[in-house]
Every structure is written in C-alpha cells, then in structure tokens.
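Let's walk through this one together, a contact at a time. Have the sequence and the 3D view open as you read.

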Amino acid sequence: MNERAHRSALALAAAVSGAVGLLGLLGLFVVGAAPGTAAWAGAVAAIAGRWLLLVGLCLMVGAAFVGTVILPAPPPSFRRLVAIACVAAGIGLALVLVALVGASLNVPLWRVAVLRAMPLVVAGVLIAFEWRASQPSVRGIAAIGIAAAAAMLADVGTSHIASSAEAHPEHVETFVHWLHVLAVGTWVGGLAALLVSLPALAGDAVRSAVRRFSTSAGIGIGLVAVTGLMRAAQELGPLSNLLTTDFGRLLVAKSVLLVALAGLGAGQRLVGVPAAPRRLRPLRRIGTAELAIAAVVILLAAALVNVPPPA
Ligand code: HEM
C-alpha cells in the first residue's frame, strides 16, 4: 500500500472510531442518569438511524438543488449518489421506527410509518426511472428532491414539535424546523453533490458552478443559523438552560461547529473558489473538511431530537 493510501486509510479509521465514540457518548445523553445497556443500545440505534435518515435526505435534496439550479444539467454520477442516499435514508427510517416501538405517540405507529415511508418510496420509484433513462433529467432529479423534501416534512411532523402540540400551535415551529433541515440539505448536501459532479466539468463550467454554489452556500449557512436560533428559542426556555441542560449543551456544541463551518466557508471563498478553474485540490480539501464537520453536527442534531427539550 503506498504512503498516500496508508495515510487515507488511517484518517478514515480515526474518523470512524471517533464517530462511533461520539455516538456512544450521545447515547448516554439520551438515556440520562440511569442507563441500562438495553436503553443505551436503543438510544444509540435511534441516533444512528436518525443520522442515516437525515444524511440520506440532505444528499437527495442537495443533488436536486445542484442538478437544477447550479449546473446546466445533472451529471450521470448523480444517479448513483441519489440511489445510495435513498437506501441510507430507508435504513435510517427503519431504525428510527424500531426505536419508536413502545413509545407513547399522539398517533398510531403504523400511521407514522406510512406517512414517513411514502415519500421515500416515491423517491425510490423516481430513481429507478432515472436509472432506466439514457441521461439523468432535470425534471427527474427535481422530482426526487421534492419527494425528499416531503420526507423531511413528515420527519419534522413527528419530532419534538408533535409531542408538544397541546401546549401551543405548532405550524410555525414545523415550518421553521423544516426550513432549517431543507437549508442544511441544499447547503451541505449540495456541497457533497458539487464535489461529486466536478470530474464531469471543465474550464468555464467549473468556474461558474463553484461561484454559483459559493453564493448559494452563503445564503444557506445564514438560513441555517437564523432558523436554528428560532428553533432554539422555541424549545430552550430560559437562557440558563443553555449550560445546565443536555439539550442546551448540544445546542452550544452545534453553534460552535457552525462558526467553524463559517470559517471554512470563508476559506473556500478566498482560496478554493478562485483556484478551482486551474486546481481543484484546495476546493476538494476544504470541502471534505466542511462535510466531515457537518456530519458531526448532524449527529448532534440527531441526538438533540432524542433529548427532551427543557421548555
Ligand atoms: C446556530 C446554530 C444552530 C442552532 C441554534 C440549531 C438549533 C437546532 C434546533 C433547536 C433543532 C430542533 C431540535 C428539536 O426539535 O429537538 C435543530 C434541528 C436540526 N439541526 Fe440545527 N441548529 C444549528 C445549526 C445547525 C447546523 C450547522 C446543522 C448542519 C450542518 C444543523 C442541522 C440540524 C438538523 C439536521 C436538525 C433536524 C434534526 C431532526 O429533526 O432530527 N443545525 N437545530
């Protein structure tokens, strides 16, 4: 194995063990003070399932955004990307539903399962059609993105918002939460799709794609921050809860990593984007670092939804 492959293998092993360690730790957050192994394992499965579901949905929304707004047409590589994303979201949803067995829900579990599985099944059928076509189409990839956005809405509809519906109307919260996750999809999922599409682009096509995406990413991160803070204000209660509750501490961790992502985004704008028409390495390197941090933030978000909000 050459030196470079060896270094990448080590980096991957470190990343995976770090993620598994964090997952185990977050499981303790969810089960609180009296963890039994079964409860902890259930919490870890619920968080891992949510992470897979969110990552899958964000990748499908991101590929649709880049394939319809940023690029003139979706490249063939997007078919594999959305197929992998849909399978990941399906496995994630199965784990989330298993973790809901026995939980006290406002609606029967079978209805939650049907509501949440339907948009994913539609996305799966649309992806099968795209595979049969000679070239992926703008309309096809847009329809896949809409189905994934519908799956996000179904997911949001069964998060903390649904369980506190009696207390206050939830339409505003549902819309803000959905917008938060959609913005993560177009920004972070879009970044992954852009990096996947680069080998199919050259010269001016690279220049215009990375510039257009960089502008949209700036809007995306702003929207994520604003909607995140709005959701935090709806669920956190008094500010003292920020450092004295698990929910608050997870929010602080997410906000710190958002600042790190904004810093990398600025680096991308100053270095990666201008260099891209000549050299893609800086854009790829900074982009990979952004995706790694975003994957951790989505893991924190997946735990956040399994921790009772203090308010
Ligand atoms: C200022 C920074 C941020 C704040 C204050 C914030 C706050 C929140 C809040 C309060 C929720 C709802 C939790 C619930 O219903 O229990 C949430 C959900 C979520 N956040 Fe953020 N967020 C921030 C940044 C981010 C970033 C940078 C990402 C991704 C890169 C992200 C990804 C998500 C996702 C995917 C969810 C949905 C979780 C789910 O429904 O399972 N957030 N966020």
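Start in helix α8 (residues 203-236), where Asp204 and Arg207 sit 3 residues apart and are therefore separated by about one helical turn. Helices here are DSSP runs (H or I, at least four residues), numbered from the N terminus. The two side chains form a salt bridge, with their closest N and O atoms 3.3 Å apart; the term covers a side-chain nitrogen of Lys or Arg within 4 Å of a carboxyl oxygen of Asp or Glu. Asp204 is exposed at 56% relative accessibility, while Arg207 is partly exposed at 34%. For those labels, buried is under 20% relative accessible area, exposed is over 50%, and partly exposed is in between (1.4 Å probe, protein chains only).

A quick word on what you're looking at: this is a predicted model, in which local features need pLDDT of at least 70 and side-chain atom pairs count only at pLDDT 80 or more, while totals for chains, interfaces and linings use all residues. Residues are numbered from 1 along each chain as its sequence is written, and side-chain values use heavy atoms, with hydrogens and water left out.

Stay in helix α8 for Arg231 and Glu235, which lie 4 residues apart, about one turn of the helix. Their side chains meet in a salt bridge at 2.7 Å, N to O, and both residues are buried. Elsewhere, salt bridges that share partners join Arg50, Arg116 and Asp155 into one network. Within it, Asp155 pairs with Arg50, the closest N and O atoms being 2.9 Å apart. That pair links distant parts of the chain, since Asp155 is in helix α5 (residues 138-156) and Arg50 in helix α2 (residues 37-70), 105 residues apart. Both Asp155 and Arg50 are buried. In total, the structure holds 5 salt bridges.

Now for the metal. Which residues coordinate the iron atom of the ligand? They are His180 (NE2) and Lys254 (NZ), at 1.9 to 2.1 Å; donors are N, O and S atoms within 2.8 Å of the metal (3.2 Å for Na, K and Ca), and sites may look incomplete because water is not among the atoms. The 6 donor atoms around the iron subtend angles of 81 to 177°, so the arrangement is octahedral (six donors, opposite ones over 155 degrees apart and all others between 65 and 115). His180 lies in helix α7 (residues 171-197) and Lys254 in helix α10 (residues 246-275), so the pair ties together parts that are 74 residues apart in sequence. His180 is buried at 14% relative accessible area, and Lys254 is buried at 15%.

Definitions and conventions
Four donors count as tetrahedral if all angles lie between 85 and 135 degrees; four count as square planar and six as octahedral if opposite donors are over 155 degrees apart and all others between 65 and 115; anything else is irregular. Helices (H or I, at least four residues) and strands (E, at least two) are DSSP runs, numbered from the N terminus.
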